[in-house]
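Colleague: Please put the model up, and then we can go through it by question and answer.

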Amino acid sequence: RSPASGNGDAVGERRDVRRHALALLAAARAWAFIDGRDMVLPEDVQAVLPGVACHRLRHAHSGALARPADIAALAHGVAIP
């Protein structure tokens, strides 16, 4: 986390969101590369999202860290156009 994260600094929070999105994209690109492709598909993002995001997301009710299975279920519940 950046020093600005979590203290109400909107600029710092936007910077974190961009950084996290870039990390997700990099992981999806690597996944596609391992699969022999030079382009990222939505399925690549779905595949890497649990590993990239589970330590950043918390359950709304309990505050516990989200489990990879929870994030995978959420990602696969979103229709790919």
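Predicted model: local features only at pLDDT ≥ 70, side-chain atom pairs only at ≥ 80, totals over all residues.

Colleague: How many helices and strands are in the protein, and in what order do the elements run?
Modeller: The protein has three helices and zero strands.

Colleague: How far apart are the end C-alpha atoms of α2?
Modeller: Helix α2 covers residues 42-53. Its 12 residues, at 1.5 Å a residue, should span 16 Å. The separation of the end C-alpha atoms agrees with that: 16 Å.

Colleague: Is Q46 buried or exposed?
Modeller: Q46 lies in helix α2. Its relative accessible area is 12%. The cut-off for burial is under 20%, so Q46 counts as buried.

Colleague: Which residues of α2 are buried?
Modeller: Across the protein, 21% of the 81 residues count as buried. Helix α2 contributes Q46 and others to the buried residues. The list for α2 is D44, Q46, V48, P50 and A53.

Colleague: With which side chain does the side chain of Q46 make a polar contact?
Modeller: Leaving aside neighbours within four places in sequence, Q46 is in contact with A75, H76, V78 and I80. For one of these residues, a polar contact links its side chain to that of Q46, at 3.5 Å. The partner is H76.

Conventions
Residues numbered from 1 in each chain as written. Heavy atoms only, no water. Helix = DSSP H or I, 4+ residues; strand = E, 2+ residues; numbered from the N terminus. Buried < 20%, exposed > 50% of the residue type's maximum accessible area, 1.4 Å probe, protein only. Polar contact = N/O pair within 3.5 Å; in protein donor to acceptor, adjacent residues only side chain to side chain. Contact = heavy atoms within 4.5 Å. Expected span 1.5 Å × (residues − 1).
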